[in-house]
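Me: I'd like to go through this one together, a question at a time. Can you walk me through the fold and the ligand site?

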Amino acid sequence: MVAEIINGKELSSELKLNMKEKVSDLKKNKIVPHLTVILVGDNPASKSYVNGKKKACAETGISSDIIEMADSISEEKLLSTINKLNQDQSVHGILVQLPLPDHINEQHIIEAIDPKKDVDGFHPVNIGKMMTGADTFLPCTPFGIVTMLKSKDINISGQHVVIIGRSNIVGKPVGQLLLNENATVTYCHSKTEDLRSFTTNADILIVAIGKANVLTEEYLKPGAVVIDVGINRLDNGRLTGDVDFENVKNKASFITPVPKGVGPMTITMLLQNTIKAAEGLEKQ
Ligand SMILES: Nc1nc(=O)c2c([nH]1)NC[C@@H]1CN(c3ccc(C(=O)N[C@@H](CCC(=O)O)C(=O)O)cc3)C=[N+]21
């Protein structure tokens, strides 16, 4: 068996066509969806991701701006910038690019963003709503993963999903979203003993380890769906996931590539959330 590839870049292009229409409808009603991204410091990876977001906004007609701040900025200054954006009626979505410098408390920053403008879906209010299955901004990477599975009509209900990774932005919320879809969810992480005993029972395996090419075929049940959330830059400049794609592709039924997998879907779901913010949550 050769796994079918779930191409996140192509799916993103299709979804963006739809979004473009929604944006032009909003513009007819004099609403121009606007995303403001705050970028602190000059981490090259962060800069490149932020540019990707800006480009994707432009493709769909969403207006965006980037506020760049020095690495040495104080937490107070960043908080006051967020406060101004919270008050600004023309700004629908606010995204503070993570990670932040060590002297800034990320949780303080996330909690300062108006939950109605929290297009990352990281605010505790939105996380709480997500857990209860209420309508809210879903965190972009988990939302993208669920959208990819549904695009291929992959059954989630009753399936055993195993997640490797328990971060607040990927592992934990993707488990909640899939639980809401009636999956049976197992969380594994760096302290898990005998990882293979769990992963070889997974119908859907979500890999967010943060190490290049470490997930090989002996961790898989034949026919499993493999979602690779990793983005690792190799010394030769190439991007690769946490999954050893070539090694796994003959044992899985579906697999997401890196690049052109989960990454582009993360950005596309950010656009979707920004449109939702512009439409106003209560209207949905
Ligand atoms: N507040 C916040 N929200 C985020 O959503 C957020 C963040 N901080 N910090 C960093 C991570 C990472 N992230 C990616 C988005 C798109 C690609 C992406 O499009 N990747 C392309 C390749 C891009 C390239 O070539 O560099 C791909 O996989 O095909 C990757 C990574 C969003 N993040």
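Reply: Helices (H or I, at least four residues) and strands (E, at least two) are DSSP runs, numbered from the N terminus. The model is predicted, so local features need pLDDT of at least 70 and side-chain atom pairs count only at pLDDT 80 or more, while totals for chains, interfaces and linings use all residues. Residue numbers start from 1 along each chain as its sequence is written.

Me: Which element gives the most to the shell around the ligand?
Reply: The ligand is surrounded by 19 residues, near meaning a C-beta atom, placed from the backbone, within 6 Å. Leu98, Pro259, Lys260, Gly263 and Thr266 are the closest. The top contributor, with 4 residues, is α10.

Me: What is the strand order in the open sheet of 6 strands?
Reply: Strands count as paired if DSSP finds at least two bridges between them. The pairing here is parallel, and β1 (4-5) and β6 (184-188) are the edge strands, each pairing on one side only. The order reads β1-β11-β8-β7-β5-β6.

Me: In β8, what is the bridge partner of isoleucine 206?
Reply: β7 runs parallel to β8 (residues 225-228), and 4 bridges join them. β7 also pairs with β5 in the parallel sense over 4 bridges, with leucine 205 as the partner of valine 162. For isoleucine 206, the partner in β8 is isoleucine 227.

Me: Which β7 residues are buried on each side?
Reply: Buried means 20 or more other C-beta atoms within 10 Å of the residue's own, with C-beta atoms placed from the backbone. Side chains in a regular strand alternate between the two faces of the sheet. In β7 both faces are covered, with Ile204 and Ile206 on one side, and on the other Leu205 and Val207.

Key: A residue is buried if 20 or more other C-beta atoms lie within 10 Å of its own, exposed if 12 or fewer, and partly exposed in between; C-beta atoms are placed from the backbone.
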